[in-house]
Amino acid sequence: MQNRGYKFRLYATAEQETMFGQYAGVCRLVYNLGLEQRRDWWRQFKANTGIAISYPSQARELTALRAEFDWIAAVSIICQQQALRDLDKAFGNFFAGRADYPTPRKRGMNDAFRFSGRDCQWRKLNAKWAVVKLPKIGKVKFRLTGDIPGTVKNVTVTSDALGWHVVFSTEVEHTAPPNFGPAIGIDRGVVHTIALSGGTFRDMPKEQLNLLDRRARKQARKLARCKRGSNRRHAARKILAGTKAKIARIRLHWNHERTTEIAAMHSVVVLEALKTKSMTASAAGTVDEPGRKVRQKAGLNRAILNNAWHQFETLLSYKIAERGGELRKVNPAYTSQCCAECGTIDKASRESQATFRCGHCGHTAHADTNAARNILRAGHSPRRGLPLGNH
C-alpha cells in the first residue's frame, strides 16, 4: 500500500470561505489549548486525576468545551478531534527523538483543518470540475486536474497566498513493476541544480526565479514602510505572499518534472547523504562567540535552499519506489576531490567550481560531472562509501 496526496484548488463561495476561516481558527485554538495543557498543567492534572494527559482525556474535555461555547460547537467536532490527534502525534515524535518540542500554531501559517475520509464524499461533475461535501459546510466545487485513485483516508482544507485548496490523502494498492533501467549518479550543486553521471545537467529556471526574487525583495521593502495595522500594509503583505507562493510553486513543478523523468528512465539512483538542515544552519554564532564569514555562509545557505535539494530527494524517493527502482545514499566525503578515472584523491585537482583536472592521470572533466560519477561508483560499493584510491 502506498500513501499519496492530491491537491486541488477550491472555488468556494464568500460564505464558505468565511466558514473556512472560522474552522481553521477554532482548530488552531483547540490545538494550542491542548498544547498549553500538556506543557503547563500536566502535573496538576495528574495529581487531581491520577492519570496523564492524553488524547482520550483531552477529547473528553473537548466535549465539555463545545457544550459551553456555541461558536466552538458550530465547527465540526471531527476536525477538532483531528487537531488533538495531531498534537498527540507531535508529542509522540518528540519523545521518540524524531522531532523538536511542539510549538503553537499561528494564524497565517497554519490555516488548515482536516476531516476523515469517510466523512467527506466527492464526485465528478465533468472532465474539469468536481465537488466535495464537507461536514457542516456543504458542497464545495474544486478544479479537477487529475484523478484521485485509491481509498481516501483524510481530506484537508488548507490555505496559502493563492487561495484555499483541498488535499485528498489516499491509500493506493500498488505492485511495483520490474525495472531494468540503467543506474545513475546525481550530484546536487548551487551553480547547476543537478549534474548527472552521464555528463548532462538539469537547471531550474533561474532567470525566472531571480526575477521573482527581485520583485519579492522590492515588495518586502514596500511592506516595511507601511504602517502596522493599516489596510495598505495588509494589501502589501498579500502581494508579497503571492509572489513567494509563485516562487515555491515553480520550484515544486520543476522538481516534479525532473524526478518523474529520472525515475522513469533509471532503476538505481545514487545521491549523496546530505543533511540539508545542518548545512543551511546560520553561522552567526552567539554574542560571546560570534561566527566567521556570516554573510558568505548566508549566501551559500540561500543558494542551497533556492535549489530545493531536500524537496528533490523527497519526491524522487517515492517516485522511483513506485516504479520498481531503488534510491541509494552514499557518504559524500571526497566525492568532489576524487578522480573518477584513477581514484586519486587530491583537493588540488578541483581547480575551480567548474573544472576538475587530476594531477595524477591528467583526467579532465566538469567538476560536478566528475563528482556524479564518483557518487555512482560509491553506490555500487558494498559499504556505500567512496572506493578510495591514492592520497
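This is a predicted model: local features need pLDDT of at least 70, side-chain atom pairs count only at pLDDT 80 or more; totals for chains, interfaces and linings use all residues.

**Helix pairs and pockets**

Residues are numbered from 1 along each chain as its sequence is written, and side-chain values use heavy atoms, with hydrogens and water left out.

The axes of α1 (residues 14-40) and α5 (residues 77-95) come within 9 Å and cross at roughly 40 degrees, where an axis is a line fitted to C-alpha atoms over the stretch in contact and angles run from 0 to 180 degrees between N-to-C directions. Helices here are DSSP runs of H or I with at least four residues, strands are runs of E with at least two, and both are numbered from the N terminus. On the α1 side the contact, meaning heavy atoms within 4.5 Å, includes Y23, V26 and R38, and on the α5 side it includes C79, L87 and F91. The residues of this contact divide into twelve nonpolar, two polar and three charged, with Ala, Val, Leu, Ile, Met, Phe, Trp, Tyr, Cys and Pro counted as nonpolar, Asp, Glu, Lys and Arg as charged, and the others, Gly among them, as polar.

How are α6 and α7 oriented to each other? The axes of α6 (residues 206-225) and α7 come within 9 Å and cross at roughly 160 degrees, and these two helices are therefore roughly antiparallel.

Let us turn to the pockets, each an open set of points on a 1 Å grid over the protein atoms alone, where a 1.4 Å probe fits and protein lies on both sides within 12 Å along at least five of seven lines; lining residues have an atom within 4 Å of a point. The largest pocket is lined by 27 residues, of which G5, Y6, K7, L252 and H256 lie nearest its centre, and α7 gives the most to this lining, with eight residues. By class, that lining has eight nonpolar, eight polar and eleven charged residues.

The second largest pocket is lined by 17 residues, with G108, D111, S159, D160 and H234 nearest its centre. Here α1 gives the most, with five residues, and the lining divides into four nonpolar, six polar and seven charged.

Methods
Angles under 35 degrees count as roughly parallel, over 145 as roughly antiparallel, 65 to 115 as roughly perpendicular and the rest as oblique.
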